[in-house]
Amino acid sequence: MPAARYWRITGVELNGEGDLALSELHLYSGSTRVDGSATLTASHSPISGSIASLRDADTATTCKFDGQAVRSGGFRLSWDFESAVSL
């Protein structure tokens, strides 16, 4: 993949009509985690938990997003690396 400053997850598709609950979400280049210094944001505010829970290495903490917001088509999670990185 080409190098980029911003990396995004878009087009999330949910099974059923529930909400989206995530405990961890990491970006890797090969087998190396590369998102440690990046700023992670979401297009929609969580309905419970925090975005920080997605990168705290604790699968017991979660971040939950409203399912209707996720299915809206504009939902995304974005990492800003401040300079280009390759994944």
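Reader: Why does R33 count as partly exposed?

Author: Buried means under 20% relative accessible area, exposed over 50%, and partly exposed in between, with a 1.4 Å probe and protein chains only. R33 counts as partly exposed because its relative accessibility is 32%. This is a predicted model, in which local features need pLDDT of at least 70, side-chain atom pairs count only at pLDDT 80 or more, and totals for chains, interfaces and linings use all residues. Residues are numbered from 1 along each chain as its sequence is written, and side-chain values use heavy atoms, with hydrogens and water left out.

Reader: In which strand is R33 found?

Author: Strands (E, at least two residues) are DSSP runs, numbered from the N terminus. R33 belongs to strand β4, residues 32-33.

Reader: Which side chains make a polar contact with that of R33?

Author: A polar contact is a pair of N or O atoms within 3.5 Å; within protein, one must be able to donate a hydrogen and the other to accept it, and residues adjacent in sequence count only if both atoms are side-chain atoms. The R33 side chain has such a contact with the side chain of H26 at 2.7 Å, and another with that of D35 at 2.5 Å.

Reader: In what order do the three strands of the open sheet stand?

Author: Two strands pair if DSSP finds at least two bridges between them. The order is β2-β7-β6, with antiparallel pairing. At the edges are β2 (20-22) and β6 (48-49), each pairing on one side only. Three bridges connect β2 with β7, residues 63-65, and L22 lies opposite C63 in β7.

Terms used:
Helix = DSSP H or I, 4+ residues; strand = E, 2+ residues; numbered from the N terminus.
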